[in-house]
Amino acid sequence: MSLLITNIGELFTNADHHLSRDAAVIVDGERIAWIGPAADAPDADARIDADGAAVLPGFVDSHAHLIFAGDRAGEFAARMAGQPYTGGGIRTTVGATRAASDEELRRNARRLVGEALRQGTTTIEIKSGYGLNVADEARSLRIASEFTTETTFLGAHVVPAEYRDRPDEYVGLVCGPMLAAAAPHARWVDVFVERGAFDEDQARNILECGRARGLGVRVHGNQLGPGPGVRLAVEMEAASVDHCTHLSDADVDALASSGSGICTCGWSDRTVATLLPGAEFSTRSPYPDARRLLDAGVTVALATDCNPGSSFTSSMAFCIALAVREMRMTPVEAVRAATLGGARALRRDDIGVLRVGARADLIILDAPSCLHLAYRPGMPLIRTVVHGGRPVGA
Ligand code: NIG
Ligand code: FE
C-alpha cells in the first residue's frame, strides 16, 4: 500500500536537500519511494494533506532503560529538595524488577514504548540493567526484544548488593554466564563507567567479552564526574558514549578524532557523543556543553535516557528544547541530533533521514517549521506519526 503526503510546508530531510518547501513524499510499504515537489507527485493509494506543516524523520531515541518495575518519585522529590543524585537508587529498581512478573515488565515497557511512539519516537534502544543476575538480565532482554531490535546488555550497570564485597567476582559473572544468557537477545553491550559503578579495567574486560560475542559496544561515561569512560569508548571503537557531562579537552579531542572518518557503509564509524539532558534536568546537575563538542567536530546525538531514577521522560521534543535552551545547540542542530545523530549512535543508515529507500518513519508536526519543537516547549506538536509506512493509530 502506498501513501502520498502532500502540501508539506517544510521538509526536514537530513539528506542533501536539507530543507525544502512545497514538497511531497510517497511511501510504499515500509520504505520511502519518492520525494519531490508537490506539483510533480504521482498518485498513491492513500493521501495525507499536511496542510503546510513541517515533516521530519521520526525521532531516534538511542538510549533508554525501559525494562523495570517500581517508582522512584520520592527520590526525585528529595533531589528537588537538595539531595544529590548518586545512582544509589538503581538498586531499589533492581529489587522491584526482580520481584515483578514477566507480564508486569512487559506491560510497563509496552506503555512506555507506546507513549514514546505517539510523541514521534519511531526507533528506540532499550537496555537491560535492572536484573543484575543471570535470569533477570536474560528475561529483561527477551522482553526488550519484543519491542525493538536495538537491545543492549547492561549487566554492568552497578554491582548488585549481594556482590558488594566481591566486585571482581561480579565482573566474572557478567563476562561469563550472564553474557552467555543475554547475548542471544542483545545487539549491544554497555557498561556504566563511573566511580561507584565500574572502573576502567573492569569495563574494558566486559566490553571485550561482549565484543568477542559479536555485540557492538556502547558506554555510559563521564556522567557524574570526570573519568576514563570517554577515552575507553574511543579506544574500543564504541558506537556511542553517553552522558558526556564532565569532559576534559583530551576527551573532546579523542571524540573528534575517533573512527577512520571514512563512511564506507553508509554510517560513520566515529564514536558519537550522546547527550541526555533529561538526566541533568531530573538530577538538577549542570548540562553537558554541546557547543564545545559540535565546534570540535564531534558527532552529537540527543536521547532521553528514559528510566525511573535519573530521567523519567520519553519525550524527545522535551530533550530538544532543553538542548537548545541549556546546551547551546541551535534548534536545527538539536533536531538533527535527535534524528540523524541517534541513527549514527546506533550505526544505522536507514533511519533518521528522509531519502528514497530509507524506512518510512516520519513525523508531521502541528507547526509550520521544526524550530517550533524548541520554540513551543511542552506543546503537543506531534500531529501524525508514520511508522514503517503506517500512520500510528489509524
Ligand atoms: O543513565 N547512569 C546510569 N544509569 C542510568 C540511571 C539509572 C537509575 O538511576 O535508575 C542513567 O542515568
Ligand atoms: Fe542511561
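This is a predicted model: local features need pLDDT of at least 70, side-chain atom pairs count only at pLDDT 80 or more; totals for chains, interfaces and linings use all residues.
Leaving aside neighbours within four places in sequence, with which residues is Arg72 in contact?

Residues are numbered from 1 along each chain as its sequence is written, while chains are lettered from A and ligands numbered from 1 in the order in which they are written.

**Figure 1. The whole protein, with 13 helices and 19 strands.** Helices (H or I, at least four residues) and strands (E, at least two) are DSSP runs, numbered from the N terminus. The radius of gyration, taken over C-alpha atoms, is 20 Å, close to the 21 Å that the globule rule gives for 394 residues, so the protein is as compact as a globular protein of that length. That rule is 2.2 Å times the number of residues to the power 0.38. Along its principal axes the C-alpha trace spans about 70 × 45 × 45 Å. Of the 394 residues, 56% are buried; a residue is buried if 20 or more other C-beta atoms, placed from the backbone, lie within 10 Å of its own.

**Figure 2. Arg72, in the loop between strand E8 (59-61) and helix H1 (73-80).** Here is the reply to the opening question: beyond four places in sequence, Arg72 is in contact with Gly89, Thr92, Thr93, Pro308 and Gly309. Contact means that the C-beta atoms of two residues, placed from the backbone, lie within 7 Å. Arg72 counts as buried because 20 other C-beta atoms lie within 10 Å. An unreviewed UniProt entry annotates Arg72, Tyr130, His157, Gln223 and Ser310 as "binding site"; such annotations may be inferred rather than shown by experiment, and UniProt positions are given in the numbering used here, with feature names shortened.

**Figure 3. Asn307 and Gly309, in the loop between E16 and H11.** The unreviewed UniProt entry also has a "binding site" annotation covering Tyr130, Asn307 and Gly309. Although spread over 180 residues of sequence, these positions cluster in space, with a largest C-alpha distance of 11.3 Å. Asn307 is buried, with 27 C-beta neighbours inside 10 Å, and Gly309 is buried with 24. Outside four places in sequence, Asn307 is in contact with His65 and Phe312, whereas Gly309 touches Arg72, Glu75, Gly89, Ile90 and Thr93.

**Figure 4. The surroundings of ligand 1, made up of 13 residues.** The closest are Ile90, Ala279, Asn307, Gly309 and Ser310. A residue is near a molecule if its C-beta atom, placed from the backbone, lies within 6 Å of it. The shell divides into 4 nonpolar, 8 polar and 1 charged. Ala, Val, Leu, Ile, Met, Phe, Trp, Tyr, Cys and Pro count as nonpolar, Asp, Glu, Lys and Arg as charged, and the others, Gly among them, as polar.

**Figure 5. An open sheet of 7 strands with parallel pairing.** The order is E10-E11-E12-E13-E14-E15-E16, and the edge strands E10 (126-127) and E16 each pair on one side only. Two strands pair if DSSP finds at least two bridges between them; E14 (residues 240-243) and E15 (residues 272-275) do so over 3 bridges. Look for Asp242, which stands opposite Thr274 in E15.

**Figure 6. Gln223, in the loop between strand E13 (216-221) and helix H7 (229-235).** Gln223 is buried, with 26 other C-beta atoms within 10 Å. Leaving aside neighbours within four places in sequence, Gln223 is in contact with Glu194, His243 and Thr245.

Note on methods: A residue is buried if 20 or more other C-beta atoms lie within 10 Å of its own, exposed if 12 or fewer, and partly exposed in between; C-beta atoms are placed from the backbone.
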